Amino acid sequence: MSASRSRLYRSGVLEQENLSVAEATRHLADPAVTLWLNLDAPTAADLAALTTELGLHPLAVASVLDEDHQRPKLVHYDRHSFLAAYAVRLDPGDGVLRASELDAFVTDRILVTLHRNNTADIDALTARWDSTPELAKSGAGFLLHGLLDLLVDGHFDALQALDDQVEELEDLVFADQADTTDLQRRSLRLRKSLSRLRHLALPMREIVSSLMRREVRSVDDTLLPYFQDVYDHVLRVTEWTESLRDLLATIRETQLSIQGNRLNTIMKKVTSWAAIIAVPTAITGFYGQNIPYPGFAQASGVWVSTLAILVISATLYVLFKRRDWL
């Protein structure tokens, strides 16, 4: 078995990259060594070999092999911790949130990341570590901080993209020729993406919080402020998510109100025109009776009925216009 990517730090200095798992584990006896191993789509045999080398807990291994996406979590075992988290990306075309699971085994000197089908941005992760080499002396906690920081920043980027799409939706609500079906469809997609992001981001608060507890060996005093910064970002993500969910609900309510107001306006106009049209209908119906009446069979009757139609219809039109019913 070989790791798709790996790194070996010795006394806080990057010494080697892209070692095989067998080569990397030969350095475990050296307390100055910190290892990162990355496995893409590991098989049961791969994990069995890794379990032999690192003493992984069988429940954690079973979680990795489980095809069903699990809730983000951090579980502490006797010899290591197990992290399940998600990298997310918003599809700008359809507004659908894409999420890929990333699991990790963490000890005080080893970080093993596992994902499927090359879904993790490993280059971005290594670049994150290279941007803070002064923290490498803190062991696997340094590697774990870079991983969590990258994931939370990804949540931020997806949330920013969602915010932009929600703003576009706001503008469309007040458009004169708004497509209500398209608005409803987009609103539903964005709401589903926000709900998904909330379910993936909210547990990160407990994950980072538990890592900052004094009894956890992964975080030393040097890294504590950096994990606090990640925790603050997680809080901002969760608060922003809730704010956008409320905003989407408000947009939906506003859309329904606008539709109701437009319908009322249309009904007023239709009713007003129906009242005007009813005047000539009523008068001509009266004069169409087969009984004698004033002006029957005389030209005056035609002039009286025509004049009545014009005067009453004009009066109703002016009255409705003043009341803004037309």
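**Sheet and helix packing in the predicted model**

Within the sheet, Leu35 stands opposite Ile110 in β7. The model is a predicted one, in which local features need pLDDT of at least 70 and side-chain atom pairs count only at pLDDT 80 or more, while totals for chains, interfaces and linings use all residues. Residues are numbered from 1 along each chain as its sequence is written, and side-chain values use heavy atoms, with hydrogens and water left out.

The secondary structure of the protein chain amounts to 8 helices and 7 strands; helices (H or I, at least four residues) and strands (E, at least two) are DSSP runs, numbered from the N terminus. Of the 326 residues in the protein chain, 42% are buried, where buried denotes under 20% relative accessible area, exposed over 50% and partly exposed the range in between (1.4 Å probe, protein chains only). Among contacts (heavy atoms within 4.5 Å) between residues at least 6 apart in sequence, 64% join residues at least 24 apart.

An open sheet is formed by 7 strands in the order β2-β1-β3-β7-β6-β5-β4, with mixed pairing; two strands pair if DSSP finds at least two bridges between them. The edge strands, each pairing on one side only, are β2 (13-17) and β4 (73-76). On average, neighbouring strands of this sheet are turned by 20° against each other, direction ignored. Strands of a sheet pair through backbone hydrogen bonds, in either the parallel or the antiparallel sense.

Strand β1 (residues 5-10) is joined to β2 by 4 bridges, and the two run antiparallel. Tyr9 has Leu14 in β2 as its bridge partner. The two strands form a hairpin with 2 residues between them, and Ser11 in the turn has a positive phi of about 55°. Strand β1 also pairs with β3 (residues 33-40), in the antiparallel sense over 6 bridges. In this pairing Ser6 stands opposite Leu37, and Arg7 stands opposite Trp36. Strand β3 in turn runs parallel to β7, to which it is joined by 6 bridges. Strand β3 is mostly covered, with 7 of its 8 residues buried.

Helix α4 (residues 122-130) lies across β1, β3 and β7 (110-115), running at about 15° to β1; axes are lines fitted to C-alpha atoms, for helices over the stretch in contact, and angles run from 0 to 180 degrees between N-to-C directions. Helix α5 (residues 140-173) packs on the sheet, where it touches β1, β3, β5 (81-90), β6 (97-106) and β7, and its direction makes about 30° with that of β5.

Two packed helices are described by the angle between their axes and the distance between the axes. The axes of α4 and α5 come within 9 Å and cross at roughly 125°. This makes α4 oblique to α5, given that angles under 35 degrees count as roughly parallel, over 145 as roughly antiparallel, 65 to 115 as roughly perpendicular and the rest as oblique. The crossing of α4 with α5 is right-handed; a crossing is right-handed if the near helix is turned clockwise from the far one by less than a right angle, and left-handed if anticlockwise. The contact involves Ala124, Leu125, Arg128 and Trp129 of α4, and residues of α5 including Phe142, Leu143, Leu147 and Asp153. By class, the residues of the contact of α4 with α5 divide into 7 nonpolar, 1 polar and 3 charged (Ala, Val, Leu, Ile, Met, Phe, Trp, Tyr, Cys and Pro count as nonpolar, Asp, Glu, Lys and Arg as charged, and the others, Gly among them, as polar).

For α5 and helix α6 (residues 180-211), the axes come within 10 Å and cross at roughly 155°. The two helices are therefore roughly antiparallel, and their crossing is left-handed. Among the α5 residues in this contact are Leu144, Leu148, Val152 and Leu159, and those of α6 include Leu183, Leu190, Leu194 and Met204. The contact of α5 with α6 has 18 nonpolar, 4 polar and 2 charged residues.

Arg196 also lies in helix α6. At 34% relative accessibility, Arg196 counts as partly exposed. Leaving aside residues up to four places away in sequence, Arg196 touches Leu97 and Ala99. Arg196 and Val88 are 108 residues apart in sequence, and their C-alpha atoms are 9.9 Å apart in space.
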